[in-house]
Amino acid sequence: MSIIYTCRHCGQQVGKLNQKIVDTTVLGFDQLTVEEKQYMIHYKDNGDIQIKTICESCENTLGEHPQYHELDFFIQ
Ligand SMILES: [Zn+2]
């Protein structure tokens, strides 16, 4: 299966990991609330996991508008 990171702001694919076994603890999933998991993590029909994150350019945009950070949460 693959873990695909997609920017939730612009939809760009940020990164992709190919793993046979996914340890969700390593990914930091255990630190998320149930609501955050439901929002950020999508299990696709083919077994891939799609994770909504933020790409560099959107992060830079948000960095110029720090008030937006209050509305969002991030996987570090
Ligand atoms: Zn983006």
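I began with the largest nonpolar core, which is made up of nine residues, Ile 3, Tyr 5, Leu 27, Phe 29, Leu 32, Met 40, Ile 41, Ile 49 and Ile 51 (a nonpolar core being a set of buried Ala, Val, Leu, Ile, Met, Phe, Trp, Tyr and Cys residues joined through side-chain atoms within 4.5 Å). Strand 1 (2-7) and strand 4 (49-53) each supply at least two residues of this core, strands being DSSP runs of E, at least two residues, and helices runs of H or I, at least four, numbered from the N terminus. Another core, of five residues, lies apart from it and includes Ile 54, Cys 55, Cys 58 and Leu 62.

I noted that this is a predicted model, in which local features need pLDDT of at least 70 and side-chain atom pairs pLDDT 80 or more, while totals for chains, interfaces and linings use all residues. Residues are numbered from 1 along each chain as its sequence is written, and side-chain values use heavy atoms, without hydrogens and water.

I then looked up the zinc ion, which is coordinated at 2.3 Å by the SG atoms of Cys 7, Cys 10, Cys 55 and Cys 58 (donors are N, O and S atoms within 2.8 Å of the metal, or 3.2 Å for Na, K and Ca; water is not among the atoms, so sites may look incomplete). Along the chain the donors follow the spacing C-x2-C-x44-C-x2-C. Because Cys 10 lies in the loop between strand 1 and strand 2 (13-18) and Cys 58 in helix 2 (residues 56-64), the pair ties together parts that are 48 residues apart in sequence.

Methods:
Buried means under 20% relative accessible area, exposed over 50%, partly exposed in between (1.4 Å probe, protein chains only).
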